Amino acid sequence: MNDSRRYVVIGGGLAGLAAAVWLAEAGKQVTVLERRARLGGRTQAMQAPEVGDTPDNGQHVVASGYRSLFRYLESVGTREYVEFPGGGTLRWPGGRAVLLHTTGFRAVRTLLGAHPDAGILDRLRALRATTRLGRQALFQPADLADITTEQWFERVGMPAKAREALWDWLALGIAAEPVQRESAKVFADVLATGIRHGVRDRTGVTIGYPTVDLDTLYITGAERAFEKYGVDVRFRAVARKVVITDGLVTGVQLVDGTEIPADAVVCAVPNSRIHGLLDDLPEHAEIYAAADKLGVTPIVSTNLYLDRPLGTKSAMEAIIGGAGVIDEVFDRQRMHGRNPDGAWLYCLTTSGAYEQIHKSNDEIVEEQLALIRRYYPEAEAAELVHAQVVKMPKATFSQVVGTDGLRPDQRTSVPNLMLAGDWTRTDWSATMESAAQSAERAVRALLAYASTGESGDTMKRGL
């Protein structure tokens, strides 16, 4: 039976899509307000008419422990489009490559240092350091929030070769920040979550990737669900603020002056866009301050179409020693079964792209081409067919030292107003799972309130 109460979701990114789908599944009357002309937020497919292709605005990997994300994919009917190959490739300049295993007994070798020059002593030191790392992730020292991940690696004695081959780029991929800036507690929290999931499921957490474009994976299924459940999606609807009267949400005011009536709201916008929306909320100043302190981290993605294959060994390859210019190369032919038809697509991702974000597109393409030619001998004679540069200066929130404890809870002091988004408090860092998990928690809290009518304080104690 449908609920006559009106639920409004502000934001059509992944957190907003998940919240809307799950509220609609629960029989709620849902309206989604999206400021742009399309859904997807920071996750979407693009068009490359020059080569008749559909690349993505970035390559988002998926971990097997992403339970909330998988629940969303099941809700929208696209769970089958994620593949877990069980490994990838580590690549050094000159084409030297080592397979990276993430499942089975061979994953132990990866953890102990996959560097091709690592000797027995290096591996024994890596074993000791990795053991210390896992123990301290589960039982965290009080000062982890005050040191960088690099300082934490040094403290546990992680060998240089093990750091180079695994730990530094893994930390970069998790938090989109180099280890010299990243908060050790952020990495420790994610590591602890992975360990607990592995113990609970009796299997290690492994990394996978979509076998379809990001629109197909995240958006088109949601659109089908919206049509099925009668969700009202309003594009170019820019929210000005959530209206709160007598301690409860009553509507959402748009910038054009109109007001959308609401009996409950999920505010699912990035921390960079939260200002103004919560002015009627008693604790809005605290949330705004946290959003500012969390800041933003830039990511640059480059889609290179080449006239020949690079000779990759895996769909996902990590560039080692690349001075932070590229941290991963994705072979879209392998990932999607793509027919290159004379134009092989390779997606290059640069996390923590503080220097690169200010360069011109031509400079970035030239830089990326020069770098892959250092790593792939086959690229020496390759010609560029087409290139796309996607700059995301506010790709996600920053997770540097000093940001621990800033992420706000999904629940607010107003019981029918929830926050969602990867920057709110979850078990994960800035990932697709964090966005989905935040939506799951927000929806759960709203449904509990709708069924019991409890106050916000009571909800916080009970959930």
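Q: Where is Arg236 found in this predicted model?
A: Arg236 sits in the loop between strand 8 (232-235) and strand 9 (239-245); strands are DSSP runs of E with at least two residues, and helices are runs of H or I with at least four, both numbered from the N terminus. Residues are numbered from 1 along each chain as its sequence is written. The model is predicted, so local features need pLDDT of at least 70, side-chain atom pairs count only at pLDDT 80 or more, totals for chains, interfaces and linings use all residues, and side-chain values use heavy atoms, without hydrogens and water.

Q: Why is Arg236 called exposed?
A: Exposed means over 50% relative accessible area, buried under 20%, and partly exposed in between (1.4 Å probe, protein chains only). Arg236 has 61% relative accessibility and therefore counts as exposed.

Q: What makes the phi of Arg236 worth noting?
A: Arg236 is not a glycine, yet its phi is positive, about 55 degrees. Most residues other than glycine have a negative phi.

Q: Why is Asp246 called exposed?
A: Its relative accessible area is 78%, so Asp246 is exposed. Asp246 lies in the loop between strand 9 and strand 10 (248-254), and its phi is positive, near 55 degrees.

Q: Which residues of helix 5 are buried?
A: In helix 5 (residues 149-156) they are Thr149, Trp152, Phe153 and Val156.

Q: How do you know that they are on the same side of helix 5?
A: The arc is taken from the directions from the helix axis to the C-beta atoms. These residues cover an arc of only 100 degrees, so they are on the same side of helix 5.
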